[in-house]
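Colleague: I'd like to learn how to read aromatic rings in a model. Could you walk me through it?

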Amino acid sequence: MIRKLSLSAGLLGFFLFLNTNTAAQTQSTSTGWGAVFASYKLNDKLSIHFDGQARTTDEWEDLQSYIIRPGLNYHIKSNMILTAGYAYVGHNREISDIQGWIPEHRIWEQFIVNQRFLIEGHATTLQHRFRLEQRFIGQGIVDGNELATDGYDFAQRLRYFARGIFPLKKTETFTNGAFIALQDEIFANVQNAPNDKVYDQNRAYIAIGWRVSPKFDIEAGYMNQFVVGKSSNVANNIIQLAGYLRL
């Protein structure tokens, strides 16, 4: 059932900016991210999840990392989904002037709740996602003239993500047209924090998109990623292009 909400209640409560100790030095960077998010329905209860991402280094000079992340969805209800999956992350690293790729393997579990609202005649959706990751982080060493992986460090991280889509035209069923996307994601380390802190990072994002059909969206937007390090922080300004496919 679609619930009516007044516009005065606010569009969506996404930007969950977390106050962070800014005493540490903060480096500002500018990067580009590209992503594809896809799902394929097997039956009424099961579907396949896949997302692939590529991210550049500062000033868009080179490829910094890429992610390949498949998973299996179990649809508890029409608006509730449980997922378990695996992710392979390639990191471009440099040690002693030797550059190479160091892998990270992840096992991940997540729970999604989707909500629908009618805001002043606009069919708005809000997604909440809770994800737990078991991370096996490759440790790089120089072996001859190449970068090699010397074992893995284990860590666990919890992520909370909220994303809303607000169509620009009034409609009770949003099947095509322009929309605004707002989202925020908070990361918290729960075991063996690589930065020795509970708070890991925050990603706030705003985008303009176009729903081509009920099965496909494309969008472009700006993300502010604040990453907390051991001794210094990074404020990353990201231009992102993303596609969403639902089959």
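Modeller: Let's go through the ring pairs, then the charges over rings, and finish with a tyrosine. Keep in mind that this is a predicted model.

Colleague: Fine. What describes a pair of aromatic rings?

Modeller: Two things: how far apart the centres are, and the angle between the planes. Here the count comes to six aromatic pairs. Take Phe 37 and Tyr 244: their centres are 5.1 Å apart with 15 degrees between the planes, so the pair is stacked, as planes under 30 degrees apart count as that.

Colleague: Where do Phe 37 and Tyr 244 sit in the chain?

Modeller: Phe 37 is in strand β2 and Tyr 244 in strand β12, so to speak distant parts of the chain, 207 residues apart. Tyr 244 is buried because its relative accessibility is 15%, under the 20% cut-off. Phe 37, at 21%, is partly exposed.

Colleague: And what about Phe 174 and Phe 179?

Modeller: That pair is edge-to-face, with 6.2 Å between centres and 75 degrees between planes. Both Phe 174 and Phe 179 are buried. Ring pairs also join Tyr 66, Tyr 88 and Trp 101 into a cluster.

Colleague: Which charged residues lie over rings?

Modeller: Arg 55 lies over the face of Trp 33, 3.8 Å from the ring centre. Arg 129 has its charged end over the ring of Phe 161, 4.1 Å from the centre.

Colleague: Last one: is Tyr 86 buried or partly exposed?

Modeller: Partly exposed, at 33% relative accessibility. Tyr 86 belongs to strand β5, and its contacts beyond sequence neighbours within four places include Ile 68, Pro 70 and Trp 108.

Technical notes. Residues numbered from 1 in each chain as written. Predicted model: local features only at pLDDT ≥ 70, side-chain atom pairs only at ≥ 80, totals over all residues. Heavy atoms only, no water. Helix = DSSP H or I, 4+ residues; strand = E, 2+ residues; numbered from the N terminus. Buried < 20%, exposed > 50% of the residue type's maximum accessible area, 1.4 Å probe, protein only. Contact = heavy atoms within 4.5 Å. Phe/Tyr/Trp six-rings, centres within 6.5 Å; stacked < 30°, edge-to-face > 60°. Lys NZ or Arg CZ within 6 Å of the ring centre and 35° of its normal.
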